[in-house]
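Here is a short report on aromatic rings, surface and contacts. Look at the model first, then read on.

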Amino acid sequence: MTELKHLKFQKADGVARITLNRPKFNMMNIDMMSELNGLLEGLLEDNEFKCLAVYAAGKHFCTGVEVADHKPENVKDMIAVFNRIFELTE
């Protein structure tokens, strides 16, 4: 697994715990969503995986998508990586 910059990950006894780790607001930027997709893809391949719990560091769980990523040159990547989260969790 690659080093996580914006998330924390633990797994024990079939339970995976992902912590959003971009306080103060845990806004999801493209990098954070890519990390999340990588973890979710790995869990889908894990035969011992049973349950996922999502936590957040700090006071706020998640206040949405990073406004700074809403640039014309980022739109295609942002939409693709954001949609992938939902494809992996259906």
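Contact here means heavy atoms within 4.5 Å. The model is predicted.

**A glutamate in a loop**

By that cut-off, E66 is in contact with R22, M27, M28 and N29, leaving aside its neighbours within four places in sequence. E66 sits in the loop between β3 and α2. Is E66 buried or exposed? Its relative accessibility is 17%, so E66 counts as buried, a label that applies under 20%.

**A nonpolar patch**

The loop between β3 (51-56) and α2 also holds F61. F61 is partly exposed. Together with L52 and V54, F61 makes a nonpolar surface patch of about 250 Å².

**The aromatic pair**

How many aromatic pairs does the structure hold? It holds 1. The partners are F82 and F86, with ring centres 5.1 Å apart. Their planes stand at 70°, so the pair is edge-to-face; that label needs an angle over 60 degrees. Both residues belong to helix α2 (residues 75-88). Because F82 and F86 are 4 residues apart there, about one helical turn separates them. F82 is partly exposed, and F86 is partly exposed too.

**Accessibility of the named residues**

| Residue | Relative accessible area | Class |
|---|---|---|
| F61 | 47% | partly exposed |
| E66 | 17% | buried |
| F82 | 32% | partly exposed |
| F86 | 47% | partly exposed |

Conventions:
Residues are numbered from 1 along each chain as its sequence is written. This is a predicted model: local features need pLDDT of at least 70, side-chain atom pairs count only at pLDDT 80 or more; totals for chains, interfaces and linings use all residues. Side-chain values use heavy atoms; hydrogens and water are left out. Rings of Phe, Tyr and Trp (its six-membered ring) pair if their centres lie within 6.5 Å; planes under 30 degrees apart count as stacked, over 60 as edge-to-face and the rest as tilted. Helices (H or I, at least four residues) and strands (E, at least two) are DSSP runs, numbered from the N terminus. Buried means under 20% relative accessible area, exposed over 50%, partly exposed in between (1.4 Å probe, protein chains only). Patches are made of residues with over 30% relative accessible area and no salt bridge: like charges are joined within 9 Å, nonpolar side chains (Val, Leu, Ile, Met, Phe, Trp, Tyr) within 5 Å. Accessible areas come from the Shrake-Rupley method with a 1.4 Å probe; for residues, only the protein chains shown count as cover. A salt bridge is a side-chain nitrogen of Lys or Arg within 4 Å of a carboxyl oxygen of Asp or Glu.
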